[in-house]
Amino acid sequence: MFDLIDESGKDLKRHGYKINEVGNLGTSVASLLIDSSEKSQKLGLDEGEYYIITSPQIYENERAEEELAILVFDKLKKMIKDFEGKRTLIVGLGNPDIWADALGKAVTDEVFIDPLDNNNHIFKFCPNIFFSTGINTFDMVAILVKGLDIECVIVVDSLATNSLERLGKSVQLSSAGMTPGSAVNKLGKRIEKNSVGCPCFSIGVPFMIFASKFANEEGDAADGQAHTSGTAQASQAQDMLLAPKDIHENLLTMARVIGKSLNMLL
């Protein structure tokens, strides 16, 4: 399983995937538009817009933090058309008790709302994980969308990656929604327009990497996949997820960046 679209092993460049460098801090923006069911089936990805913004200096340079916030805002604004004033639900996925999986909660904490204002149109919700609640996240989101007359959903979650260089330094944005826990289980139902009844957008940052990436790795950089031997050939669903040692500080930085982007957008 994979979270970042260009770690799928597919040749995305043949279908319009491209990477552009921006500014002078090494930041890059990758983009892909899947605008047909044929392309969707070939790539195994849902139809929609996809962006991956990577900032290698995000934790060393304050200017990189500001640059990333603006880039995330710009891409969200491009995807979410006619956004102003819509009743919007921001869903913070993940397990708030585990730092590597707490991005959703941390981002919602950064988003400003005024619940006492009659004109407030922004709502925040952190459903926790299925194994803590016994309730699928999709079901909770669907109920809130219907009960609150939500017109737009933004889902935020931690992701997994195959690349050390991307760990905590990339932001993936999509107009195709998100499947909760897609990298580690198949229990979640996808939160997207057709399933919940309104446009759904996703924001994710990879704060976890599979341990098998480091076990008897036989390089095949062409498709970005890690190949392992012996006991390390266990599926990713059974693999151990690792996180950087400075995860606490890094996650709060990314949450601040994404929160700033959402506050500008909202």
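Let me start with Glu84, which counts as exposed because its relative accessibility is 79%, where exposed means over 50% relative accessible area, buried under 20%, and partly exposed in between, with a 1.4 Å probe and protein chains only. Glu84 sits in the loop between H2 and E4, and its C-alpha atom is separated by 8.1 Å from that of Leu265, although the two residues are 181 residues apart along the chain.

A word on the basis of all this: the model is predicted, local features need pLDDT of at least 70, side-chain atom pairs count only at pLDDT 80 or more, and totals for chains, interfaces and linings use all residues. Residues are numbered from 1 along each chain as its sequence is written, and side-chain values use heavy atoms, with hydrogens and water left out.

The chain has seven helices and nine strands, taken as DSSP runs numbered from the N terminus, with helices being H or I of at least four residues and strands E of at least two. Of the 266 residues in the chain, 49% are buried. Counting a contact as heavy atoms within 4.5 Å, residues 24 or more positions apart account for 73% of the contacts in the chain with a separation of 6 or more.

Now to the helices H2, residues 62–79, and H7, residues 247–265, whose axes come within 8 Å and cross at roughly 45°; the axes are lines fitted to C-alpha atoms, for helices over the stretch in contact, and angles run from 0 to 180 degrees between N-to-C directions. H2 is therefore oblique to H7, given that under 35 degrees counts as roughly parallel, over 145 as roughly antiparallel, 65 to 115 as roughly perpendicular and the rest as oblique. Among the residues making this contact are Leu68, Val72 and Phe73 of H2, and Met254, Val257 and Leu265 of H7.

Helix H3, residues 103–110, has as its buried residues Leu103, Gly104, Ala106, Val107 and Thr108, and these pack against strands E4, E5, E6 and E8 as well as helix H7.

Finally, the cysteines: how many disulfides are there? The count comes to zero, with a disulfide taken as a pair of cysteine sulfur atoms within 2.5 Å. The sulfur of Cys152 has its closest cysteine sulfur in Cys198, at 6.5 Å, which is too far for a bond, while for Cys198 the closest cysteine sulfur is that of Cys200, at 4.7 Å, again too far. Cys152 counts as buried because its relative accessibility is 2%, and Cys198 counts as buried at 3%.
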